[in-house]
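Here's a quick briefing to read alongside the coordinates. Have the viewer open and follow along.

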Protein chains: 2
Amino acid sequence: MRRSSASKKPVLKTKALGARAPRRGRVSAWSNVVMSAEQQFALKRRALMKEAARAFSLYGYEATSLLDIAKMMGVTKAALYHYVKNKQEILFECHLLSHELGNQAIEYANANGDSSLEKIRLLARRYIELLTDEIGSCAVLLEFNALTPENRAVIAGHRDRFERHLRNLVKAALAENKVAGREPKLAVFFLMGAVNWLTRWYRPDGEFDSKFIAAQFADMFASAIAGRVAR
Amino acid sequence: MRRSSASKKPVLKTKALGARAPRRGRVSAWSNVVMSAEQQFALKRRALMKEAARAFSLYGYEATSLLDIAKMMGVTKAALYHYVKNKQEILFECHLLSHELGNQAIEYANANGDSSLEKIRLLARRYIELLTDEIGSCAVLLEFNALTPENRAVIAGHRDRFERHLRNLVKAALAENKVAGREPKLAVFFLMGAVNWLTRWYRPDGEFDSKFIAAQFADMFASAIAGRVAR
DNA sequence: CCCTGATATGACCCTTCGGTCACTCGCATA
DNA sequence: TATGCGAGTGACCGAAGGGTCATATCAGGG
């Protein structure tokens with residue numbers, strides 16, 4: 001991570017929170033209020049993933065060291081290994097996370113869209129919103145080839161499923177709108193590029209808010225597929 | 001470069017070629033046929049840049065070691081330093097190269113397009129063709145933040161000029177076609193993402209040839225900007 | 001025939017980084 | 001109060017990578 005860095009420390013100490021609440025009794029009263037050890041563990045692990053994902057998206061996998069991540073969490077590098085097997089595991093789960101979002105977007109589009117084109121628009125919009133908002137620009141999809149061959153195979157599977165779904169939507173939309181001469185596979189690559197590139201320039205406090213960006217991109221993509229240009 | 005690698009060695013030995021041609025006389029006859037030392041140097045340096053650019057585009061800057069590049073050229077790592085100050089210089093010049101292509105594309109579009117929309121289409125098409133064909137997918141533009149702050153400033157200047165030009169074209173096209181509600185800046189990001197992403201999946205021997213891809217992308221972008229969807 | 005300069009080499013240095021390990025600290029339970 | 005356990009630490013290791021340097025090779029020119 002050779003770059004000028006801002007300062008910020010979300011620190012990992014969930015403990016400070018839990019410590020304040022006394023626990024007695026076998027099943028420990030407060031159990032609704034106070035988190036169990038496993039919950040805390042899971043929470044911290046998730047926080048780690050989110051922070052790491054943000055760093056990976058922003059600076060790249062190779063350019064982000066575990067020390068960087070540890071510092072962000074306010075913790076030693078060694079401490080990370082309580083939550084994670086190795087660096088690769090972090091990357092892998094970040095990819096999985098991104099694809100979860102993709103699937104959510106698919107479901108949303110299927111539930112709310114009528115025509116294929118509308119489904120595409122909703123899918124793109126929702127996907128971008130999730131990517132930028134919920135995880136603070138977590139798409140690590142740029143880092144596909146930093147994955148080990150085994151993990152890459154798994155992620156490729158997810159990716160292919162997502163792309164195939166989108167491709168089929170595009171095919172359908174082209175048919176429904178009687179558009180000829182458009183290659184669905186290239187259209188999907190076109191969108192994926194635009195979306196993945198988002199993670200490199202999008203900033204939550206930037207000029208445009210994420211809803212607007214998502215809507216614009218979705219509209220542009222819909223037009224790219226089925227829009228006719230006045231000549 | 002932790003990845004399964006194919007084998008291939010363009011070797012740097014221009015010498016083997018020059019050695020065969022005897023040189024006598026003061027100005028050295030054969031001077032038309034045989035390359036001067038400087039020419040050979042320049043040629044080899046250029047070859048280095050091209051090979052490095054390819055590797056950077058494919059695997060990323062950090063993931064590509066100088067040893068990798070040296071092996072590609074059939075040469076020792078130390079030998080590279082005869083042609084180059086350091087790794088950063090390679091990256092920097094690769095960026096410059098890419099932007100040269102951008103400018104070529106701009107000129108081409110200005111010379112051959114009439115309407116703004118047509119200029120955009122030509123610009124996009126040409127840019128992609130150049131990127132994929134001439135330098136074998138050399139766009140290292142993904143690696144912007146691997147640049148040192150000084151170099152980054154320079155490259156940012158080039159990039160901004162390019163993007164500003166394109167943005168103005170988009171603005172004009174929107175006006176000419178009476179399209180409302182499209183944000184030019186986002187449209188440019190949209191295209192840049194799609195184009196930069198190309199370098200990650202495009203293969204010269206892939207399913208689609210580069211002219212076709214370029215045409216499709218250009219058309220899609222033109223539609224994205226000024227295309228109207230039948231609803 | 002030797003000198004010079006360009007080209008290339010292999011050994012080496014230093015730093016960074018991923019990962020490990022023996023350990024400590026503090027809390028909750030018995 | 002003793003004990004056990006999960007969380008976290010600091011010191012360390014080995015490997016890889018960027019970069020340097022003294023040296024070898026060789027072609028061309030005086």
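What follows goes from the chain fold to the interface, the cores and a few local spots.

Keep in mind that this is a predicted model. Chain A is built from 9 helices and 1 strand, and chain B can be laid on chain A with an RMSD of 0.0 Å. The contact between them takes 37 residues from each of chain A and chain B.

**Fold of the chain**
- Going along the sequence, chain A reads α-α-α-α-α-α-α-α-α-β.
- Chain A has 231 residues, and 39% of them are buried.
- Take the contacts in chain A between residues at least 6 apart in sequence: 72% of these join residues at least 24 apart.

**How the two copies relate**
- Superposing chain B on chain A takes a turn of 180° and a shift of 0.0 Å along the axis. The two copies are thus related as by a two-fold rotation axis.
- The copies meet through the same surface, because 100% of the interface residues of chain B are also interface residues in chain A.

**The interface**
- H8(B) gives the largest share of the side of chain B that touches chain A, at 11 residues.
- Sorted by class, that side of chain B has 24 nonpolar, 9 polar and 4 charged residues.
- The strands join in as well: E1 of chain A (residues 227-229) and E1(B) run antiparallel and are joined by 3 bridges. In this pairing, Val229(A) stands opposite Gly227(B).

**Nonpolar cores**
- The largest nonpolar core holds 81 residues, and those touching the most other members are Phe190(A), Phe221(A), Phe190(B) and Phe221(B).
- Look at Phe190(A): leaving aside neighbours within four places in sequence, Phe190(A) is in contact with Ala224(A) from its own chain, plus Ala194(B), Phe217(B) and Met220(B).
- Apart from that core lies another one, of 40 residues, with Ala55(A), Ile69(A), Ala53(B) and Ala63(B) among them.

**Helix H2**
- H2 of chain B (residues 37-59) has 23 residues, which at 1.5 Å a residue should span 33 Å; the end C-alpha atoms are 33 Å apart, so the two agree.
- H2 of chain A (residues 37-59) also has 23 residues and reaches 33 Å from its first C-alpha to its last, close to the 33 Å expected.
- Buried residues of H2(A) include Leu48(A), Met49(A), Glu51(A), Arg54(A), Phe56(A) and Tyr59(A).
- In H2(B), the buried residues include Ala52(B), Ala53(B), Ala55(B) and Ser57(B), along with Glu51(B) and Arg54(B).
- What covers the buried part of H2(B)? The cover includes helix H3 (66-73), helix H4 (77-80), helix H5 (87-112) and helix H8 (184-201) of chain B.
- For H2(A), the cover includes H3, H4, H5 and H8 of chain A.
- H2(A) is followed by Gly60(A), where phi is positive, near 100°.

- Ala215(B) is found in helix H9 of chain B.
- Buried or partly exposed? Ala215(B) is partly exposed, with 18 other C-beta atoms within 10 Å.
- Ala215(B) and Leu122(B) are 93 residues apart along the chain, yet their C-alpha atoms are separated by 8.7 Å.

Note on methods:
Residues numbered from 1 in each chain as written. Chains lettered and ligands numbered in written order. Predicted model: local features only at pLDDT ≥ 70, side-chain atom pairs only at ≥ 80, totals over all residues. Helix = DSSP H or I, 4+ residues; strand = E, 2+ residues; numbered from the N terminus. Expected span 1.5 Å × (residues − 1). Buried ≥ 20, exposed ≤ 12 C-beta atoms within 10 Å, placed from the backbone. Contact = placed C-beta atoms within 7 Å. Least-squares fit on C-alpha atoms with pLDDT ≥ 70 in both. Nonpolar A, V, L, I, M, F, W, Y, C, P; charged D, E, K, R; others polar. Pairing = 2+ DSSP bridges. Core = buried A, V, L, I, M, F, W, Y, C linked by C-beta atoms within 7 Å.
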